[in-house]
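Have the viewer open and follow along.

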Amino acid sequence: MLTARDAIDDRVRGLDAGADDYLPKPFDFAEFLARVRALLRRDRVHRTRVIRVGDLVIDTAQRRVTRAGADIGLSRREYDLLEALAAHEGQVLTREAIQERVWMNAEEATSSTVDVYIGMLRKKWTPAMGSNSSKPFTASATPCAARPHPLWMPQQRRRRREPEPFSLPARRGGGSLRTQLIAWNIAALAVLLGTLGVVVRYTVSSFLMASVNRELERMERLPPPPFRDRGRGGGPPFGDFRGGPGPRRFRPPRGDETLRPRHFDLQGRPLNPRDTRRPWDDNGAAFAAARQGREHRARIVVDGEPLLVLSVPIVQRGQIIGVGQAAYPLTDVERTLASLDAALLALIPVALLGAWAGGAFLTERVLRRVRHATQAAERIGVNETSDFAARLPVTGNDEFSRLAETFNNLLGRLETAFRQQQRLLEQQRRFAADASHELKTPLTVIKGTASMALASSSNGDSSGHHQRSFRDINRAADAMSHLVGDLLLLARSDGGQLGRNRSRCPCATFWSRPSPPYPP
Amino acid sequence: MRILVIEDDTPIAAMIRRGLEQAKHVVDHAGDGATGLQMARENPYALIVLDVMLPRMDGWRVCEALRAGRIGCPF
């Protein structure tokens, strides 16, 4: 078969269609004649014998292959390949050996060509033998390990050379947006709850202690019970007692009489001789403060019970004569604060747990749409299976929907540009193929005619044949010149270098131009 | 040997014909696929030289028709 199509696929198609040889244009005429001779010679030689390998019968005269009586239709090249393999039963043939035996021209047949034919032979072999047949032409990792039907494993080698399919970049673990959102949510809520707990704890504590202090001050403002001034006769005691009269009578909490206010002189003796109680001791700090005219508050523990003791100086006629003490039990206050602390410590983790669950739920709802958009984008992809007609789902009227609409608009423009690019590429390919085809025809003539002229010159025949050859070469060169000129004109037109000039003209002008000026 | 050349490109066909005749072969020429197929069915050729891009019937179809018709000559 002679053709301007020289791609591997075209060669395979031609050979698979049954052609025995395939020669792309332009070809060397000497090579063409050599191939003709080889085909004719091989056809004569191969009509002489029958090769049998097990139940495989190769009739070289008829070029017919059967196995177990089943006919296997093979192309010329497939037959040559199978015959070469069968003729070397039990041996391992290298690619080069197969190229030499089957193709003879090693430059034309590459290793991939051999692989292609082995694959085609295997395809035809398997249906003919059914599912019970052993796989033919199996490979051996080492050339010396021969199998009943020797060869290598071309498919496996081809598979290793295949490019890796397109894939998206691997996702980095542990860094998903969902995890980050939940972590940020929990961290922010933990800080908020911690701050709120501290504020609540401080506020409640301040409120309770303020209440206690107000109660203590109220107790201290109550006038003490009447008693005789020790050593100085009667008279109203504590005539200028600090704070003045209180609004109501103090009743100690829990009805404990021991917590009633106490009054002592600066030496710690009760001002009321009938009062046998002793001052609440805080290592003399209360009396020291009273001597300086200052109030003093201290937390002391009496019989295991915490008390807040307020000590105020007793001033009479401008002189500090003693110390008045009032106490309030802190048991309930501290128990309340402890309960509050426990509640806060228990509630904060529970709140954080709830925040985690809520955050996970909300982020899942939000990110579900992002995930759908991502899956749609992955379906669209950027590889050879890209579906530019696909679009992201648009639901509602929120930010995601607007983002999806924007992305869809972008995809629409991308699809349009892609289609245009595809059309342009197809046009370019077609143009290049057409131009190549048109150029190869005169080139073939030039090469073939020149080689024939050389051959005839070496044979001594150089009279009339040379004239015909040179005339053909000249015409082919003229045709190439016309083609090249037309191509340059088209290139200039595509480049916008030609001004547009509309005018009426007969179409025959354009039909006739590309045709080579050969006589019919 | 009698050889059939199926080629629509006249200068190439002429060149092939001239070269094969110099090699002492008898050459027949067909300018399109259908004519070439008919000639191949009617005459015993030792070899067929076939172009791919042919009018009326392209080379692929001619090739398949030749094999389907069990025309055993190489081409």
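What follows is a short briefing, grouped by topic.

This is a predicted model, so a few ground rules apply: local features need pLDDT of at least 70, side-chain atom pairs count only at pLDDT 80 or more, and totals for chains, interfaces and linings use all residues. Residues are numbered from 1 along each chain as its sequence is written, chains are lettered from A and ligands numbered from 1 in the order in which they are written, and side-chain values use heavy atoms, with hydrogens and water left out.

**The A–B interface**

- On the contact count (heavy atoms within 4.5 Å), 38 residues of chain A meet 30 residues of chain B.
- The two chains bury about 2900 Å² between them, 68% of it on carbon and sulfur atoms; buried area here is the accessible area (1.4 Å probe) that two parts lose on being put together, summed over both.
- A:Met1, A:Leu2 and A:Leu40 supply 20% of the area that chain A buries against chain B, more than any other three residues.
- Zero salt bridges turn up across this interface, where a salt bridge is a side-chain nitrogen of Lys or Arg within 4 Å of a carboxyl oxygen of Asp or Glu.
- Three residue pairs are in polar contact between chain A and chain B, both residues at pLDDT 80 or more. A polar contact is a pair of N or O atoms within 3.5 Å; within protein, one must be able to donate a hydrogen and the other to accept it, and residues adjacent in sequence count only if both atoms are side-chain atoms.
- On chain A, the elements giving two or more residues to the side that touches chain B are strand E1 (2-3) and helices H1 (8-16), H2 (29-45), H10 (399-458) and H11 (464-494). Helices (H or I, at least four residues) and strands (E, at least two) are DSSP runs, numbered from the N terminus.
- H2(A) gives the largest share of that side, eight residues.
- That side of chain A divides into 17 nonpolar, nine polar and twelve charged residues.

**A closer look at helix H2 of chain A**

- A:Arg35 lies in this helix and is buried at 13% relative accessible area; buried means under 20%, exposed over 50%, and partly exposed in between (1.4 Å probe, protein chains only).
- A search of the whole structure finds one aromatic pair over all chains. The ring centres of A:Phe29 and A:Phe32 are 5.3 Å apart with planes at 40°, so the pair is tilted.
- For that label, rings of Phe, Tyr and Trp (its six-membered ring) pair if their centres lie within 6.5 Å; planes under 30 degrees apart are stacked, over 60 edge-to-face and the rest tilted.
- Both A:Phe29 and A:Phe32 lie in H2 of chain A, three residues apart, about one turn of the helix, and both are buried.

**Salt bridges**

- There are 15 salt bridges over all chains.
- A:Glu217 and A:Arg297 meet in one, at 2.6 Å, N to O. The pair links distant parts of the chain, 80 residues apart: A:Glu217 is in helix H7 and A:Arg297 in strand E8.
- A:Glu217 is partly exposed at 29%, and A:Arg297 is partly exposed at 33%.
- B:Asp28 pairs with B:Arg2, with the closest N and O atoms 2.9 Å apart. B:Asp28 is in strand E2 and B:Arg2 in strand E1 of chain B, so the bridge ties together parts 26 residues apart in sequence.

**Helix H3 of chain B**

- Buried residues in H3 (59-68) of chain B include B:Trp60, B:Val62 and B:Leu66.
- Their cover includes H1 of chain A, together with E1, H2 and E3 of chain B.
- B:Asp58 caps the N-terminal end, with a side-chain oxygen 3.2 Å from the backbone nitrogen of B:Trp60.

- Most residues other than glycine have a negative phi.
- A:Asp303 has phi near 55° and is exposed at 81%.
- A:Arg317 also has phi near 55°, and is exposed at 69%.

Definitions and conventions:
Nonpolar A, V, L, I, M, F, W, Y, C, P; charged D, E, K, R; others polar.
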